[in-house]
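Okay, quick one from me today. Have a look at this with me, and I'll talk through the charged pairs and then the sheet.

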Amino acid sequence: MKLADHLKPGGKGVMATAGADGAVNTAIYAIPHRTEENTVAWGMTERRTYRNIRENPNASYLYIAPGNRYEGVRLTLKLKEIRDSGKL
């Protein structure tokens, strides 16, 4: 699957994470930046999703394509690295 074929501008998504204690959090997120074919990145503030991903590197992202149809993609994610500065 090529991510570029599925992540269309104008869409949005929901990021689901869980902390070390297992408490689940969901948050609305814009479409990710593709850094490589199978690598994506988001800018995050230091809130619940960011804290959870630091404690538990597994997450899920449900992308909803623009328009009124039921189209999108579900991504299972694993944290590769955190960059605190530099270009996204």
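Glu71 comes out as partly exposed, because its relative accessibility is 41%; for us, buried is under 20% relative accessible area, exposed is over 50%, and partly exposed is in between, with a 1.4 Å probe and protein chains only. Its side chain meets that of Arg69 in a salt bridge, 3.4 Å from N to O. Arg69 sits at 57%, so Arg69 counts as exposed. By salt bridge I mean a side-chain nitrogen of Lys or Arg within 4 Å of a carboxyl oxygen of Asp or Glu.

Quick caveats: this is a predicted model, so local features need pLDDT of at least 70 and side-chain atom pairs count only at pLDDT 80 or more, while totals for chains, interfaces and linings use all residues. Numbering runs from 1 along each chain as its sequence is written, and side-chain values use heavy atoms, with hydrogens and water left out.

How many salt bridges does the structure hold? There are 2. The other pair is Glu81 with Arg83, at 3.3 Å, N to O. Glu81 is partly exposed at 45%, and Arg83 is exposed at 56%.

Now the sheet. It's open, with 4 strands ordered β2-β1-β5-β6 and antiparallel pairing. At the edges are β2 (24–30) and β6 (72–78), each pairing on one side only. Strands here are DSSP runs of E, at least two residues, numbered from the N terminus, and two of them pair if DSSP finds at least two bridges between them. β5, residues 58–64, pairs with β6 over 7 bridges. Ala59, for example, has Leu77 of β6 as its bridge partner.
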